[in-house]
Amino acid sequence: MSFEWLVAWSWSLDGLRDCIATGIQSVRDCDTTAVVTVACLLVLFVWYCYHVGREQPRPYVSVNSLIQGTDANGLQNGYVYCQSPECVRCTHNEGLNQKLYHNLQEYAKRYSWSGMGRIHKGIREQGRYLNSRPSIQKPEVFFLPDLPTTPYFSRDAQKHDVEVLERNFQTILCEFETLYKAFSNCSLPQGWKMNSTPSGEWVTFYLINQGVCVPRNCRKCPRTYRLLGSLRTCIGNNVFGNACISVLSPGTVITEHYGPTNIRIRCHLGLKTPSGCELVVGGEPQCWAEGRCLLFDDSFLHTAFHEGSADDGPRVVFMVDLWHPNVAAAERQALDFIFAPGR
């Protein structure tokens, strides 16, 4: 038995030696450049897997968990106020462009530079774009170049979402009427925000404010909040996204102003539209209609007013921000990252 075991062991060593020799010869015969290339690709792949795996996925908040949850920090009368001095939505200084470029670089390192040409161009030359824009269109925070510009958009620009909103007109109207009954008990009920106007009263009830959900308000309008989830182009993950009920009392005039960016379309679904009410965008007037959506680019100079009598009642619209149809999917993802709330 000992002799047989020694023979087998000797044969195993010979086989192992032959195997190693064959492997070394194969490496010598192989192209060194190809080996180095494959090794580099393997290192890059491992690095990519490490960074992607380290990221924490953003949790999806269902309406049920929202209704059961507690209010987020930073709520004042149901309205979210930005608490970060570094917020790109509220910052107007020389360092803003550098901050945006840093955010873009961070996004590209994590994901890809593919499709980032317009955003890169816009950020690098943002000062020139904003300063050289004609007075009729001058977004206050971010201008994405090479987007088609027009004060108003046709319904087909975001046909699916327009149809969803109009189909649910009665649902939204019923929840508004329930909310509005509270005005008979106090001047400004919880959850409403009073906006500054030269005359009259303009109040808003936000479900999403600058990309942040307002839990207390959403609990009061659960069906309308669920409806937002069925919209394909609703901006809900960056500071340019809002959804609210907007109420103008008779005699109200909103001062002319510009929106923060041209990457969005502002959609107004008419809930109550008495005569004597107008929206003027880029010098072009339009009127709201109950149950119909009106789409416009609020980066144009715009105003709204209600010249009706007290008997006419308020003008009420449901406002939601949608993506501009010419902003590509890759650009939307990057802009959500660059302009994430609190970034």
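Contact here means heavy atoms within 4.5 Å. The model is predicted. In it, I245 touches F176, L179, W192, V203, T204, F205, V316, V317 and F318, leaving aside residues up to four places away in sequence.

I245 is also among the residues with the most contacts inside the largest nonpolar core, along with L165, L228, L271, F318 and V320. This core has 35 residues. Elements that give two or more residues to it are α7, α8, β5 (202–209), α10, β7 (243–248), β9, β12 and β14. The most comes from α8, with five residues. A second, separate core has 22 residues, including I123, L147, V327 and F339.

Helix α7 spans residues 159–167, and its buried residues are D161, V162, V164, L165 and E166. The cover over these buried residues includes α8 (169–180), α10 (222–228), β9 (264–272), β12 (293–296) and β14 (315–323).

| Helix | Range | Residues in the contact |
|---|---|---|
| α5 | residues 117–124 | R118, I119 and I123 |
| α11 | residues 329–338 | E331, A334, L335 and I338 |

The axes of α5 and α11 come within 9 Å and cross at roughly 40°. Because of that angle, α5 is oblique to α11. By class, their contact holds five nonpolar, no polar and two charged residues. I123 of α5 takes part in this contact and is also listed in the second core.

Conventions: Residues numbered from 1 in each chain as written. Predicted model: local features only at pLDDT ≥ 70, side-chain atom pairs only at ≥ 80, totals over all residues. Heavy atoms only, no water. Buried < 20%, exposed > 50% of the residue type's maximum accessible area, 1.4 Å probe, protein only. Helix = DSSP H or I, 4+ residues; strand = E, 2+ residues; numbered from the N terminus. Core = buried A, V, L, I, M, F, W, Y, C linked by side-chain atoms within 4.5 Å. Axes fitted to C-alpha atoms, helices over the stretch in contact; angles between N-to-C directions. Parallel < 35°, antiparallel > 145°, perpendicular 65-115°, else oblique. Nonpolar A, V, L, I, M, F, W, Y, C, P; charged D, E, K, R; others polar.
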